[in-house]
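Thanks, everyone. Please keep the structure open while I talk.

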Amino acid sequence: HKDLLDLDILTAEEIKHILKTAAPMKEILARPNKKLPTLRGKSVVMLFYENSTRTRTSFETAAKILGADTSNIAVAQSSVSKGETLLDTAKTLQAMKVDLVVIRHGSSGVAGFLADELSAGVINGGDGQHAHPTQALLDFFTMQERLGELQGKKIVIVGDVLHSRVVRSNVLGLKKLGAEVVLVGPPTLLPSEMNYLGVKTSYDLDKELPGADAVMALRLQLERQQSGLFPSIREYSRLYGLSLERLKQTGKDTIIMHPGPMNRGVEITSDLADSVQSVIEEQVTNGVAVRMALIYLLIGGTGSVVD
Ligand code: CP
């Protein structure tokens, strides 16, 4: 593959290969001296039209560890503010002979559009409400590290499913890996007319928690709500908020996940987010390892990681 746009075009074997490649990358990440010469001479550009802390920084860190040169387009300070189109911006980057563009954009489909137009590789760092494949891959890596093979594992994902690109990529991949997925949320954020790829949906979190191996809270995307939030934040938190007390219902040592950024006290309480069950910080660490693996697989050629 030249690009990574979403998980639909990857086979289960290809997903497993990415996760397997990420394991030694995590070991490299833990070293005191972690700089490798593997991708010396390659360049990776981050083109982010939406805000990001984790995705942008972890791609930059991942590329740097592998020895690639990196640059960041601060969209507000770039010629985008003078009206330059997305395509002209991307072609300008390509004219500088970059090898890989990581793009985040508020509109669904933008990463795919760029991938068709550019000979450089394109990684989707999140496009609108469509897809966030690298988040899903780091989620799978984290689940697998704690739970083993995902075949048959019960994964409950709760929250703002309607606006979430994270959930869409997670469902695509988790189905391929044979997990049992349950999506939970209020009817306003889990509309019945949407296509959930055949996974179970529910409006009752407490009913779905027993037996859950992992519970993932999604952020309430208040910036994407068109006409205010219903139910109210207080009611949402009472019905769908995750807490230590509520999680006792799983009857297991369930792991708690959140893609970040969190609204503490809304979709998850601090006592749970900071508990031993929480793997939220581990997800961030694993995000660097998984992105190292992806960059390496896309532009590293066939050589092994120089050790
Ligand atoms: N999870 C995630 O995509 O976080 P950022 O928006 O900080 O990149």
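Predicted model: local features only at pLDDT ≥ 70, side-chain atom pairs only at ≥ 80, totals over all residues.

K97 sits in the loop between α3 (86–95) and β3 (100–105). Its phi is near 65 degrees, a positive value in a residue other than glycine. As background, most residues other than glycine have a negative phi, and most peptide bonds are trans.

There is another residue of this kind. L197 is not a glycine, yet its phi is positive, about 55 degrees. L197 is in the loop between β6 (180–184) and β7 (200–202). With 13 C-beta neighbours inside 10 Å, L197 counts as partly exposed.

Now the chain as a whole. The protein chain has 11 helices and 9 strands. Its C-alpha atoms fill a box of roughly 55 × 45 × 35 Å along the principal axes. For 307 residues, a compact globule would have a radius of gyration near 19 Å, and the protein chain agrees with that, at 19 Å. Of the 307 residues, 46% count as buried. If we take the contacts between residues at least 6 apart in sequence, 76% of them join residues at least 24 apart.

Next, the domains. The protein chain is divided into domain 1, which is 12–131 + 284–299, and domain 2, which is 133–279. The C-alpha centres of domain 1 and domain 2 lie 26 Å apart. Where they meet, 22 residues of domain 1 are in contact with 17 residues of domain 2. Which elements supply the side of domain 1 that touches domain 2? At least two residues each come from α1 (12–29), α2 (54–65), β4 (121–127) and α11 (280–299). By type, the residues on that side of domain 1 are 9 nonpolar, 10 polar and 3 charged.

Let me take α1 from that list. α1 has 18 residues and reaches 26 Å from its first C-alpha to its last, close to the 26 Å expected at 1.5 Å a residue. Its buried residues are I15, I18, L19, A22 and M25. In general, an α-helix has 3.6 residues a turn, so residues three or four places apart point the same way. What do the buried residues of α1 pack against? They pack against α5, α6 (165–176) and α11.

That brings us to α5, residues 133–147. This helix has 15 residues and spans 20 Å from first C-alpha to last, close to the 21 Å expected at 1.5 Å a residue. α5 is mostly covered, with 11 of its 15 residues buried. The buried residues are P133, T134, Q135, A136, L137, L138, D139, F140, F141, T142 and M143. After α5 comes G148, with a positive phi near 80 degrees.

On the strand side, I will show one example, F48, in strand β1 (residues 43–48). F48 counts as partly exposed, because it has 19 C-beta neighbours inside 10 Å; the cut-off for buried is 20 or more. Leaving aside neighbours within four places in sequence, F48 is in contact with R56, V75, R104 and G125. F48 and E60, 12 residues apart in sequence, are 12 Å apart in space, C-alpha to C-alpha.

Last, the ligand. Which residues are around the ligand? They are S52, T53, R54, T55, G126, Q135, P259, G260 and P261. That shell divides into 2 nonpolar, 6 polar and 1 charged. Why does the ligand lie between the domains? Domain 1 and domain 2 both give residues to the shell, so the ligand lies between them.

Two links back to what I have already shown. Q135, one of the residues around the ligand, is also among the buried residues of α5. G260 and P261, also around the ligand, are joined by a cis peptide bond with omega about -5 degrees. P261 lies in the loop between β9 (255–257) and α10 (270–273).

That is the end of my part.

Conventions
Residues numbered from 1 in each chain as written. Helix = DSSP H or I, 4+ residues; strand = E, 2+ residues; numbered from the N terminus. Rg over C-alpha atoms; globule rule 2.2 N^0.38 Å. Buried ≥ 20, exposed ≤ 12 C-beta atoms within 10 Å, placed from the backbone. Contact = placed C-beta atoms within 7 Å. Domains from an automatic or database assignment. Nonpolar A, V, L, I, M, F, W, Y, C, P; charged D, E, K, R; others polar. Near = placed C-beta within 6 Å. Expected span 1.5 Å × (residues − 1).
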